[in-house]
Amino acid sequence: MPVTAHPAFNKACAYFKIKLIRIPVDPITLEVDLKKMRRAITKNTCMLVASAPNFPHGAIDPIEDISKIALEYGIPLHVDACLGGFLIAFMDEAGFPLKPFDFRVPGVMSISCDTHKYGFTPKGASVILYRTPEIREHQFYALGDWPGGIYASPSVAGSRSGYLIACCWATLMYYGHKGYVEETRKIIEVTRYIADGWSKISGLRLLHNSDVSVVAAGSDIFNIYYLIDGMIAKGWHLNGLQNPAGIHIAITQLHTQAGVADRLLQDTRDCVAEILKSDNKNDTPTAVIYGTSQKVPDKSIVCDMAKLFIGACYETRIPSATKNE
Ligand SMILES: Cc1ncc(COP(=O)(O)O)c(C=O)c1O
């Protein structure tokens, strides 16, 4: 899979002990190297992955090209449309035509699509589509001789909340096909407006064209992580990217409200101007975190730190200083 695909795949492979091969992307275009993808295929390859779009840069991978490789080698291609599935499905009708990314492409065998992102439903229910019922059946599990009865389960999660599934269904009905086309139109229009605005800020460089709803940028003249902290101070939250260093914002319904996009652009311009005035010298928390992480050659130490952080969130022991109080 392209290195830009979501870590959910790395996590699944770690759980199921599957060897994952991450294919680098071109450092300039950030598109996956198809030659390297083809060369990485072995007789053990069980799946190819493409994102539509990927999380870091919002780029849609070349699905038709990857599909050709998949068909040639007889390997199923999974399209991860978790992030933007509920936009790309409506973009043609919203006036922003896209190349085919779904079962119209013959090598695509499965597609994941999160309802809780641009489907606007509560988290906890999602969608995976398979080209055929035979492929879907691999997901089902049944045990016929259990003393507790005949057991059958359709997904990795066992017990699931019917409440969340009902809320998901109700939200889908509330928006309906027309509603999703309209929301898609508004979100893509604002995304392109913000991408255009950022591309005109001197010192800021878009990392990729905004194929869907993510705008990603970097800088050749200042430490881009300063912009994250500068924008936090103005009430915005931008995500940090690495390899290459960058920031991104995923445009949502909130940003389509009157005046929000213009405020974001004005605040970005002001922040960039302040950074350039400071001569790149004000180290800020995000710059220090990413700067330090990049200097650590052994990335397992970075992972250990991240796991320590999660562990600390689950910590329930009372610190000794307060125990005697
Ligand atoms: C592109 C993409 N794929 C997959 C996922 C799946 O995430 P999770 O493991 O949280 O379900 C996400 C979530 O942000 C995503 O953006």
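**View 1. The C-alpha centres of domain 1 and domain 2 lie 31 Å apart.** Domain 1 takes in 7-138 + 157-168, and domain 2 takes in 285-323. These bounds come from an automatic or database domain assignment. The model is predicted: local features need pLDDT of at least 70, side-chain atom pairs count only at pLDDT 80 or more, and totals for chains, interfaces and linings use all residues. Residues are numbered from 1 along each chain as its sequence is written, and side-chain values use heavy atoms, with hydrogens and water left out.

**View 2. An open sheet of four strands runs in the order β1-β2-β3-β4.** Its pairing is mixed. Strands (E, at least two residues) and helices (H or I, at least four) are DSSP runs, numbered from the N terminus. Two strands pair if DSSP finds at least two bridges between them. β1 (48-51) and β4 (127-130) each have a single partner strand, so one side of each is left without a neighbour in the sheet. On average, neighbouring strands are turned by 20° against each other, direction ignored.

**View 3. β2 and β3 pair in the parallel sense.** Four bridges join β2 (residues 77-80) to β3 (residues 108-113). Val 79 has Ile 111 in β3 as its bridge partner. Helix α3 (residues 63-73) lies across β1, β2 and β3, where contact means heavy atoms within 4.5 Å. Helix α3 runs at about 175° to β1. Axes are lines fitted to C-alpha atoms, for helices over the stretch in contact, and angles run from 0 to 180 degrees between N-to-C directions.

**View 4. Asp 220 forms a salt bridge with Arg 205.** Their closest N and O atoms are 3.0 Å apart. Asp 220 lies in the loop between β8 (214-218) and α8 (224-233) and Arg 205 in strand β7 (residues 205-206), so the pair ties together parts 15 residues apart in sequence. A salt bridge is a side-chain nitrogen of Lys or Arg within 4 Å of a carboxyl oxygen of Asp or Glu. The structure holds 11 of them. Asp 220 is exposed at 59% relative accessibility; Arg 205 is partly exposed at 38%. Buried means under 20% relative accessible area, exposed over 50%, partly exposed in between (1.4 Å probe, protein chains only).

**View 5. Lys 234 and Glu 274 meet in a salt bridge of 3.6 Å, N to O.** Lys 234 sits in the loop between α8 and β9 (239-241), and Glu 274 in helix α9 (residues 260-277), 40 residues apart. Lys 234 is partly exposed at 32%, and Glu 274 is partly exposed at 43%.
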